[in-house]
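Dear colleague,

I am passing a structure on to you, and below it I have written up what was found. Please read the notes with the structure open beside them.

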Amino acid sequence: MATGRRRLRSSTVALGSMGVLAAALTSCGSDPDKRCVDRDSYDVYKGYKVVDAGECSGSAKSSKASAKKRKGSADGDWYYDADVSAGYADNGTFSRNEAVDRDGFGCSGSGSGGG
């Protein structure tokens, strides 16, 4: 009877360890929640206005600068792990690495240093 208990405990520990390992690996490989926001639209009470994802598709500064010249175009950038309400996002970060670190396992060493 004692042998059966020992096996149950060790198998439970092994399964639990595999679950923790799986969670760590998937958190590093997945993107955090992100919204495209207009950096120029910040409101103290509401946060940043959420805009169409097309405003954030160009990652190069030159494409943002040319998009900015068009009338009515937003200065779009990805805003991660934000609280979204009524078309505004707040309490997030523009740094993907920082957003991943907030999730607990910290995978910032796997990405580039920019943000």
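Where does valine 44 lie? Valine 44 is found in the loop between β1 (34–38) and β2 (48–49), and please keep in mind from the start that this is a predicted model. With a relative accessibility of 62%, valine 44 counts as exposed, because the cut-off for that word is over 50%.

Aspartate 90 itself belongs to strand β5 (residues 88–90). Its relative accessible area is 17%, and since buried means under 20%, aspartate 90 is counted as buried. If its neighbours within four places in sequence are left aside, aspartate 90 is in contact with Tyr42, Lys46, Gly47, Tyr79, Ala82 and Asp83.

The strand that holds aspartate 90 is also part of an open sheet, in which 3 strands follow the order β2-β5-β4 with antiparallel pairing. β2 and β4 are the edge strands, each of them pairing on one side only. Between β4 and β5 the antiparallel pairing runs over 3 bridges, and valine 84 has alanine 89 of β5 as its bridge partner.

As a general background, nonpolar side chains tend to be buried together in soluble globular proteins.

Aspartate 81, in the loop between β3 (76–80) and β4 (83–85), has a positive phi of about 50° although it is not a glycine. Alanine 86, in the loop between β4 and β5, is likewise a residue other than glycine with a positive phi, here near 50°. How exposed are these residues, in terms of relative accessibility? Aspartate 81 has a value of 21% and counts as partly exposed, whereas alanine 86, at 74%, counts as exposed.

With kind regards

Conventions:
Residues are numbered from 1 along each chain as its sequence is written. This is a predicted model: local features need pLDDT of at least 70, side-chain atom pairs count only at pLDDT 80 or more; totals for chains, interfaces and linings use all residues. Side-chain values use heavy atoms; hydrogens and water are left out. Helices (H or I, at least four residues) and strands (E, at least two) are DSSP runs, numbered from the N terminus. Buried means under 20% relative accessible area, exposed over 50%, partly exposed in between (1.4 Å probe, protein chains only). Contact means heavy atoms within 4.5 Å. Two strands pair if DSSP finds at least two bridges between them.
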